[in-house]
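These are my notes from going through the coordinates. I looked at the sheet, then the contact between the chains, then a few single residues.

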There are 2 protein chains.
Amino acid sequence: MEDLEIRAAVAGDVPAIVGMLADDPLGAQRESPDDLTPYLTAFERLSADPHQHLMVAVRGDRVVGTLQLSVIPGLSRRGATRSIIEGVRIHADERGSGLGTRLIEWAVDASRDLGCVLVQLTSDRTRTDAHRFYERLGFEPSHIGFKLRL
Amino acid sequence: MEDLEIRAAVAGDVPAIVGMLADDPLGAQRESPDDLTPYLTAFERLSADPHQHLMVAVRGDRVVGTLQLSVIPGLSRRGATRSIIEGVRIHADERGSGLGTRLIEWAVDASRDLGCVLVQLTSDRTRTDAHRFYERLGFEPSHIGFKLRL
């Protein structure tokens, strides 16, 4: 198997990232991979914010995974900066390969390098496999995640 | 009762904010209100990031509530920008006064004005009163929130 590279996403990666976002039981209902315009606009917003890190995992010349790491300063916990992981997706061909672990380990190491003392993420209640995965990596399911659609 | 103002926090508000963070069953274990240095450093980091909104609710000349609103662009959900609410605290004298509702309604309105299509937050599993409060305001407890301390 070819070597894996984890690097910052570029605009040319957007179609592959959107493909992975849509190839998912929840994503299938809320993504529109046939119209990339809103995604490219969002990519510009992401690129303009130095505290957002949209990453891709690349094997050979194929994008096989993605996640977004956001760095959030704050006052609580003695002025702790925390990171938030969002949008973790692994290409269907690579599931079970350990790539998810590699990506999350990358995010944890990067968070430490960026001065964060806490990494957090939320996972839909229905993604029970993901919950076991995060617990194996040391994450504690200590919170309830609430969402309000506007 | 005097009128309430919700405004961006300034450095002079930090002691009152830290006092509220520490006056809490969970915060009492992890804050250090006698040493404001790390909080003032964190306030500088917050102030330097235009996507962070640390707010205070002020009645008369007293800070009686606080929250932090973070704006996070992203690719998922058709390039949705979302907001995250963190660090919601209401002064002990004001609990049950409706101030929490006022603050969250402010955050929801501000999120909409900032182009967000989703507002999210996590709440410790032990804060069952807070869970009922967020559900009353329309938030859905659809996710599990995971944390990893570094």
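**Entry 1: the sheet**

I took two strands as paired if DSSP finds at least two bridges between them. The model is predicted, so I keep in mind that its local features are reported only at pLDDT of at least 70.

I asked in what order the strands of the open sheet run. Twelve strands form the sheet, in the order β1(A)-β2(A)-β3(A)-β4(A)-β5(A)-β6(B)-β6(A)-β5(B)-β4(B)-β3(B)-β2(B)-β1(B), and the pairing is mixed. The edges are β1 (4-8) of chain A and β1 (4-8) of chain B, each of which pairs on one side only. From one strand to the next, the twist averages 30°.

I then looked at what packs on the sheet. Helix α6 (residues 128-136) of chain A does, touching β4 (82-90), β5 (118-124) and β6 (140-149) of chain A as well as β6 (140-149) of chain B. The direction of α6 makes about 165° with that of β5(A).

**Entry 2: strands of chain A**

β1(A) and β2 (residues 52-59) of chain A run antiparallel and are joined by five bridges. Here A:Ile6 is opposite A:Ala57.

Eight bridges pair β2(A) with β3(A), again in the antiparallel sense. A:His53 has A:Leu69 of β3(A) as its bridge partner. Two residues lie between the strands of this hairpin, and I noted that A:Gly60 has a positive phi near 65°.

On the next step, β3(A) and β4(A) are antiparallel over seven bridges. A:Leu69 turns up again, opposite A:Ile85 of β4(A). I checked how covered β3 (residues 62-72) of chain A is, and found ten of its eleven residues buried.

**Entry 3: strands of chain B**

I went through chain B in turn. Strand β2 (residues 52-59) of chain B pairs with β3(B) over eight bridges in the antiparallel sense. B:Gln52 is bridged to B:Ser70 in β3(B). The two strands form a hairpin with two residues between them, and B:Gly60 in the turn has a positive phi of about 65°.

β3(B) is joined to β4 (residues 82-90) of chain B by seven bridges, and these strands run antiparallel. B:Thr66 is opposite B:Arg89 there. Of the eleven residues in β3 (residues 62-72) of chain B, ten are buried.

**Entry 4: contact between the chains**

How many residues does each chain bring to the contact? Chain A gives 62 residues and chain B gives 62 residues. Between them the chains bury about 6000 Å², with 58% of it on carbon and sulfur atoms. I noted that B:Leu75, B:Phe146 and B:Lys147 supply 16% of the area chain B buries against chain A, more than any other three residues.

Six salt bridges cross it by the rule used. One of the pairs I looked up is the salt bridge of B:Asp35 with A:Arg78, whose closest N and O atoms are 3.7 Å apart. β6(B) supplies ten residues, the largest share of the side of chain B that touches chain A.

**Entry 5: helix α1 of chain B**

I listed the buried residues of α1 (residues 14-22) of chain B: B:Val14, B:Ile17, B:Val18, B:Met20, B:Leu21 and B:Ala22. They pack against α2 (27-30), α3 (37-47), β2, β3 and β4 of chain B, and also against α4 (76-79) of chain A.

**Entry 6: two single residues**

Is B:Gln52 buried or exposed? B:Gln52 is in strand β2 of chain B. The cut-off for buried is under 20% relative accessible area, so B:Gln52, at 10%, counts as buried. Its side chain makes a polar contact with that of B:Gln68 at 3.0 Å. Beyond its sequence neighbours within four places, B:Gln52 contacts residues of both chains, including A:Val71, A:Ile72 and A:Pro73 along with B:Leu46 and B:Leu69.

A:Gly87 lies in β4 of chain A. With a relative accessible area of 24%, A:Gly87 is partly exposed. Not counting residues up to four places away in sequence, A:Gly87 touches A:Thr66, A:Leu67 and A:Gln68. I also looked up A:Gly138, which is 51 residues from A:Gly87 in sequence and 19 Å from it in space, C-alpha to C-alpha.

Technical notes. Residues are numbered from 1 along each chain as its sequence is written. Chains are lettered from A and ligands numbered from 1 in the order in which they are written. This is a predicted model: local features need pLDDT of at least 70, side-chain atom pairs count only at pLDDT 80 or more; totals for chains, interfaces and linings use all residues. Side-chain values use heavy atoms; hydrogens and water are left out. Helices (H or I, at least four residues) and strands (E, at least two) are DSSP runs, numbered from the N terminus. Axes are lines fitted to C-alpha atoms, for helices over the stretch in contact, and angles run from 0 to 180 degrees between N-to-C directions. Contact means heavy atoms within 4.5 Å. Buried means under 20% relative accessible area, exposed over 50%, partly exposed in between (1.4 Å probe, protein chains only). Buried area is the accessible area (1.4 Å probe) that two parts lose on being put together, summed over both. A salt bridge is a side-chain nitrogen of Lys or Arg within 4 Å of a carboxyl oxygen of Asp or Glu. A polar contact is a pair of N or O atoms within 3.5 Å; within protein, one must be able to donate a hydrogen and the other to accept it, and residues adjacent in sequence count only if both atoms are side-chain atoms.
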